[in-house]
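These are my notebook entries from a first look around.

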Amino acid sequence: MREILEEIREHQPLDPNEAARRGMRPRLRHRFYKEVSVSEGEGGFGLALDGRPMRTPAQRLLAAPTVPLADMLAGEWRAQREHIDPSSMPLTRLANSIIDGVADAAPEVVAEVEKYLASDLIFYRAEAPQGLVRSQETAWDPLMTWARDALGAQFRTGAGVVHLPQPQDALTAAAAIIPRNNGNASDLWRLGATHSVTTLTGSALIALALLSGKLSVADAWSAAHVDEDMAQWGRDELALERRVYREAEMHAAGRVLALLRKSS
């Protein structure tokens, strides 16, 4: 069991882009359990393999704040066949990083999301070609409008990559909806999922829109890859594999946010 936990630790650093890089070289181990169960306990709704409570790489109980989340985690473990493939378990990796990382460093995680917000992807626009300009406008302008109308955050956009200072009142207004650690496990999971989406997309605003239910996971992923999807770089198999891996991370975080939104 310890070897499996160590392998999953290698696949679940807080930075999902690093997780994607490491996930290209999984070392598969044989499945050693028959049954996966969920039961309520001290840390929430915990998982057990053949009756033995599961633990994170830091030896904390692997537990979710709600039954639907715990059932989804259990589903990843039930889906393993002859071998256990950590690269096919994005929700487990996210859970481990929340329980072992975010729980002890919530203020730092919030600060990192705020840092992304100050230089958000969608603030920096292309001047050409016109196809890319239009694609960015179509994907990103509605988010700017949402931030203004729903959050009271009037941000600025500009052409190029030179740093564009944003109004402090806009940053404060948008940052107000970043989940905080208020002693509620669900808030920690929201924060961890929001951080994951932020680093995967390069956009805190996209993450906050997904958190709020403004965007679907598919639309959020598409908005984050406008530039990449317009580029004509040829077929890079490793890049495509990495993108598939990262998209799975995105969907896991999106499912967490959607389930917690329903339970609130």
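**Entry 1: what covers helix 7.** I began with a buried stretch and found that the cover over the buried residues of helix 7 includes helix 5, helix 6 (130-151) and helix 9 (204-212). Helix 7 itself spans residues 168-175, and its buried residues are Ala 170, Leu 171, Ala 173, Ala 174 and Ala 175. For me, buried means under 20% relative accessible area, exposed means over 50%, and partly exposed is in between (1.4 Å probe, protein chains only). Helices (H or I, at least four residues) and strands (E, at least two) are DSSP runs, numbered from the N terminus.

**Entry 2: ground rules.** I noted that this is a predicted model, in which local features need pLDDT of at least 70, side-chain atom pairs count only at pLDDT 80 or more, and totals for chains, interfaces and linings use all residues. Residues are numbered from 1 along each chain as its sequence is written, and side-chain values use heavy atoms, with hydrogens and water left out.

**Entry 3: the whole chain.** I looked up the totals: the protein chain has 12 helices and eight strands, and 47% of its 264 residues count as buried. The average pLDDT (the predictor's confidence in each residue, from 0 to 100) is 89, and 88% of the residues score at least 70. I marked residues 8-14, where pLDDT stays under 50. For contacts (heavy atoms within 4.5 Å) between residues at least 6 apart in sequence, 65% join residues at least 24 apart.

**Entry 4: helix 5 with helix 8.** Two packed helices are described by the angle between their axes and the distance between the axes. I take axes as lines fitted to C-alpha atoms, for helices over the stretch in contact, with angles from 0 to 180 degrees between N-to-C directions. Helix 5 (residues 106-118) and helix 8 (residues 185-201) pack at about 35°, with axes 10 Å apart. I then checked who meets whom: Ala 106, Val 109, Val 110, Glu 112, Val 113 and Tyr 116 of helix 5 touch Leu 188, Leu 191, His 195, Thr 198 and Thr 199 of helix 8. The residues of this contact divide into seven nonpolar, three polar and one charged. Here Ala, Val, Leu, Ile, Met, Phe, Trp, Tyr, Cys and Pro count as nonpolar, Asp, Glu, Lys and Arg as charged, and the others, Gly among them, as polar.

**Entry 5: helix 9 with helix 12.** How far apart are the axes of helix 9 and helix 12? I found 8 Å, at an angle of about 40°, with helix 12 covering residues 237-263. That makes helix 9 oblique to helix 12 (angles under 35 degrees count as roughly parallel, over 145 as roughly antiparallel, 65 to 115 as roughly perpendicular and the rest as oblique). Leu 210, Leu 211 and Ser 212 in helix 9 meet Met 250, Gly 254, Leu 257 and Arg 261 in helix 12.

Entry 6: Is Pro 57 buried or exposed? Pro 57 is buried, at 4% relative accessible area, and sits in the loop between strand 4 (52-53) and strand 5 (63-64). Gln 59 is in the loop between strand 4 and strand 5 and counts as partly exposed at 34%.

Entry 7: Most residues other than glycine have a negative phi, and most peptide bonds are trans. I noted that phi of Gln 59 is near 70°, and that Asp 50 has a positive phi of about 50°. The peptide bond from Ala 128 to Pro 129 is cis, with omega near -5°.
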